[in-house]
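Dear colleague,

Please find below the structure that I am handing over to you.

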Amino acid sequence: MVVGAFPMAKLLYLGIRQVSKPLANRIKEAARRSEFFKTYICLPPAQLYHWVEMRTKMRIMGFRGTVIKPLNEEAAAELGAELLGEATIFIVGGGCLVLEYWRHQTQQRHKEEQQRAAWDAMRDEVGHLAQALEALQAQVQAAPPLGALEELRAQVQEVRAQLCPREPPSAPQAASASKE
């Protein structure tokens, strides 16, 4: 099941990325056109990103303490717009993951509630069966013991034997007796 779900997750991620790309492109265009957006939204993250990237590269190459020049405004605006577009795609993807996690947790909670309800129903049924068993056990204990029943049957047979003649009359005699 996991193997089948994995390609679906990739496909879902690709779909989300494709849907969020036009949104990111619109944000990039707005960043390029609007002076406020460019100055206050795009330039600071782009300059910070450039500074961190160049500083890391210089340290890797062994140059410590070198001064890093900031990007020109046009390059910084372009980099800032790209960063903003990628951040938009990342936020949309992350939001989808959070929503999927929340949906999964809700389903899990619902499943646990159903299991708890089934468990409670079984526990109630077992309680009812235990009460019925106790009632049946009380009836069995209240009934006369099996030996007493056997004695009563033996006595009934003795009484029948005494009341009924031992040899039944033959058929012709019984027919004449019934005509009289």
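The structure holds four salt bridges, a salt bridge being a side-chain nitrogen of Lys or Arg within 4 Å of a carboxyl oxygen of Asp or Glu. Before the details, please note that this is a predicted model, in which local features need pLDDT of at least 70 and side-chain atom pairs count only at pLDDT 80 or more, while totals for chains, interfaces and linings use all residues. Residues are numbered from 1 along each chain as its sequence is written, and side-chain values use heavy atoms, with hydrogens and water left out.

**Overall architecture**

The protein chain has five helices and zero strands, and its pattern along the sequence reads α-α-α-α-α. Helices (H or I, at least four residues) and strands (E, at least two) are DSSP runs, numbered from the N terminus. Of the 180 residues in the protein chain, 11% are buried; buried means under 20% relative accessible area, exposed over 50%, and partly exposed in between (1.4 Å probe, protein chains only). The protein chain exposes about 15300 Å², and carbon and sulfur atoms supply 65% of this area. Accessible areas come from the Shrake-Rupley method with a 1.4 Å probe, and for residues only the protein chains shown count as cover. Among contacts between residues at least 6 apart in sequence, 73% join residues at least 24 apart, where contact means heavy atoms within 4.5 Å.

**Salt bridges**

K57 counts as partly exposed because its relative accessibility is 41%. E53 falls into the partly exposed class as well, at 30% relative accessibility.

R103 and E100 are joined by a salt bridge of 2.5 Å, N to O; since they are three residues apart in helix α3, about one helical turn separates them. R103 has a relative accessible area of 39% and is therefore partly exposed, and E100, at 34%, is partly exposed too. The side chains of D120 and R123 also form a salt bridge, at 3.8 Å, N to O. These two residues lie three apart in helix α3, so about one helical turn lies between D120 and R123. D120 is partly exposed, with a relative accessible area of 32%.

**Buried positions**

What surrounds T88, leaving aside its neighbours within four places in sequence? T88 lies in helix α3 (residues 73-142), and with those neighbours left out it is in contact with L23, A24 and I27. T88 is classed as buried because its relative accessible area is 11%.

H50 belongs to helix α2. At a relative accessible area of 12%, H50 is likewise buried. Its contacts, again leaving aside neighbours within four places in sequence, are with I68, K69, P70 and L71.

**Aromatic pair and surface patch**

Rings of Phe, Tyr and Trp (its six-membered ring) pair if their centres lie within 6.5 Å; planes under 30 degrees apart count as stacked, over 60 as edge-to-face and the rest as tilted. By this rule the count is one aromatic pair. The pair is formed by F36 and Y40 and is tilted, with 5.1 Å centre to centre and 45° between the planes. F36 and Y40 are about one helical turn apart because four residues separate them in helix α2 (residues 35-61). Both F36 and Y40 are exposed.

On the surface, M8, L11 and L14 form a nonpolar patch with about 310 Å² of accessible area together. Patches are made of residues with over 30% relative accessible area and no salt bridge, like charges being joined within 9 Å and nonpolar side chains (Val, Leu, Ile, Met, Phe, Trp, Tyr) within 5 Å. L11 is located in helix α1 (residues 2-33) and is exposed, with a relative accessible area of 53%.

**Cysteines**

A search of the whole structure finds zero disulfides, a disulfide being a pair of cysteine sulfur atoms within 2.5 Å. C42 counts as buried, at 1% relative accessibility, whereas C96 is partly exposed, with a relative accessible area of 28%.

With kind regards
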